[in-house]
Amino acid sequence: MKITAIKTFLMHAGAPNLKAWAADGSFGTQVFSKNLTGTRNWLFVKIVTDEGITGIGECSGWPRVIETAVRDLTGLLVGEDPTHIERLWQKMQIAMMGHGMTGVVGAGAMTGIDMALWDIKGKALGVPVWNLLGGKIRDRIRIYGHANSAETALSLKQRGITAIKCGGVSDPVRKVAMLREAVGDEVDIAIDLHGPPWLTPADAAQLCRALEPYRMMWVEDPIAPENLDGFRRIRDASSITLAAGERQATIFGLRDMIERELVDVVQPDTGRAGGITQMKKIAAMAEAHHIMMAPHSGSLGPVAEYAALHVLAAIPNGLILERIEDDWEGRAQTVIPHPRSRDGHLDVPNAPGLGVEIDEEFVARWPSEMNVSVPVSEAAGSYADGTFHEHVYVQTRRKRGLYFPKD
Amino acid sequence: MKIDRLRAFMSRDKDRPRVIVAIDTDDGITGWGECYNHGPDKALFPLLDYLATFIHGKDPRRIEFIVHYLMQQARFPPGALGLAGISAIDQCLWDISAKALGVPVYMLLGGNVRDRVRVYAGVYTAPDPLAARDEFDALNAAWGFTAFKLSPYRIDMHRNRWGEVVRTSAEYFRGLRETVRADYDIAFDAHAKIFEPAQAAQLGNALAPYDPLFFEEPIRPENFEA
């Protein structure tokens, strides 16, 4: 079998309803044609072979830029046997190495290709991808939804969702207290602080201590992902369960975070961490440190969700999968079939390969217009009063007496 | 597909026992594996019989699940014998999974990065340089070997002053380098017999000038800090 072509499908995806989304509008608030809000893009990759089998993959990590990277990588792959996945991954990594350290953009390009290669191999052998990863440990994957209000949290709980995540840094402790009051003790609650620019390590340490009484599933990205020593400082100060890792890619990007045991939950993004090949290795590295894995997928499209389900089916330390239950309505029409949750879980797909195809005609109706935005609006209150337009990457909290609740 | 039974065999390769394991499935596929033999090898049979009771009726393609399940049956870390048993079972399961799909096992591990794997010949003793030359050349002519693993010890480490052990090993390696083909790789296995870190470093330093391919198990495996 030989690769004959690689096609890309870039689309402008709408933002989820703000009420249903923990990020307080982190896809931006710009309005585009066809009533789309925000700058979320999805990029799908289709690898075509001479035997008629095709594989589908998805790239996150700045999709609009990655589309060009995938086109550039295509010349390395056409004519190759798609079943030698590891060798092709190494070939891509070597070929882009001269451009500098591989981050989520380069790894994002490799991810969609890697995912499509696993899809091809599964289809060629007539087995689901999980059967190529050591077999199934579990038949369904627990999911968590996003909720920033009691109303949304209760709506998710009524639908059987057993874990929720809220977001934002404007008033996190009171928000968590409100949610805990609303959903009771049987629902797990996580909070995403979205890394910088809102907290320094000292601020984050105080915040984590204040959140301890609420028995968090985790506190996510309290500080900038570059600041590993800052994570150490938070860890030494607080017993809170820490999660991070969505902004790093490959085993090399996550190595220090795992080996220094700076998190309890590692969150590589299924669309940009380097592909199924890397996700399996990252999971094994984490397992050796008793670290759980909960793949990031907040901004991801529905193909990468399938890849995450296969990985989580096969790895022992798979914890839970992120899912925006009430995402943009176009999501369900982008893929066939579109998975629906049941009792707070998604079933592990059992069709050959990943078990998903995209509706190319539907995808073509949503051309990309822009793929960057300043996260959060001024009204979200994430920045200290009056500083929104400074656009700084590092900031400490002000009005500390108000921000950090007294014991 | 379900696991039907486990069969274990004691075989022999010259003076070395070999414990071979077969797992049969209900649809006729048999997978093969092997236990590392470090003694007491006959203890592996009741151990394998015990492990077999846990996997009977399970889908053999759920490899990761089954290995974790077996590990969980051990109240304490299973140790060398337990892991040798579980290793053989793990190999059988990969063999079954690959046979069921009609592919080699490496295709389930991400596909092949290379088409052949270089091997070295285990000589394990420290033959005199001229004898070593003949043995290496014979192995090279018959099989194409260009790398060999030897023992570094030329005199009894327990009956001689340590400095003499080190000196004779260094002289021996120098003599080897002067005698055998320059393109051969030579590795040494100290067999975890040395307890003192300083002594292991001395022996390693003495061998280093003559370029060993590697220096294996210079110290007891329990001693991470060394």
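**Close-up views of a two-chain predicted model**

**View 1. A one-turn salt bridge in chain A.** Lys123(A) pairs with Asp119(A) in a salt bridge, with 3.0 Å between the closest N and O atoms (the term means a side-chain nitrogen of Lys or Arg within 4 Å of a carboxyl oxygen of Asp or Glu). Both residues sit in helix α3 of chain A, residues 104-125, and they are 4 residues apart, about one turn of the helix. Helices here are DSSP runs of H or I with at least four residues, strands are runs of E with at least two, and both are numbered from the N terminus. Asp119(A) is buried at 0% relative accessibility, while Lys123(A) is partly exposed at 22% (buried is under 20% relative accessible area, exposed is over 50%, and partly exposed is in between, using a 1.4 Å probe and protein chains only). This is a predicted model, where local features need pLDDT of at least 70 and side-chain atom pairs count only at pLDDT 80 or more, whereas totals for chains, interfaces and linings use all residues. As for bookkeeping, residues are numbered from 1 along each chain as its sequence is written, chains are lettered from A and ligands numbered from 1 in the order written, and side-chain values use heavy atoms, leaving out hydrogens and water.

**View 2. A buried pair joining two loops of chain A.** Glu246(A) and Arg272(A) meet through their side chains in a salt bridge, 3.9 Å from N to O. The pair links distant parts of the chain, 26 residues apart: Glu246(A) is in the loop between β8 (242-244) and α8 (250-259), and Arg272(A) is in the loop between β9 (265-266) and α9 (276-287). Glu246(A) is buried at 8% relative accessibility, and Arg272(A) is buried too, at 12%.

**View 3. An exposed pair in chain A.** The side chains of Lys399(A) and Asp385(A) form a salt bridge at 2.7 Å, N to O. These residues are 14 apart, and each lies in the loop between α12 (360-364) and α13 (400-403) of chain A. Lys399(A) is exposed at 54% relative accessibility, and so is Asp385(A), at 59%.

**View 4. Where chain B meets chain A.** The contact (heavy atoms within 4.5 Å) draws 15 residues from chain B and 20 residues from chain A. Across this interface the rule finds 1 salt bridge: Glu64(B) with Lys280(A), 3.5 Å from N to O. On the chain B side, α2 (63-73) and α3 (79-101) each supply at least two of the residues touching chain A. Of the elements, α2(B) gives the most, with 4 residues.

**View 5. Around Tyr120(B).** Tyr120(B) sits in the loop between α3 and β4 (121-122) of chain B. Its relative accessible area is 34%, so Tyr120(B) counts as partly exposed. Setting aside neighbours within four places in sequence, Tyr120(B) is in contact with residues including Phe145(B), Phe148(B) and Phe214(B). The side chains of Tyr120(B) and Lys149(B) make a polar contact at 3.1 Å (a pair of N or O atoms within 3.5 Å; within protein, one must be able to donate a hydrogen and the other to accept it, and residues adjacent in sequence count only if both atoms are side-chain atoms).
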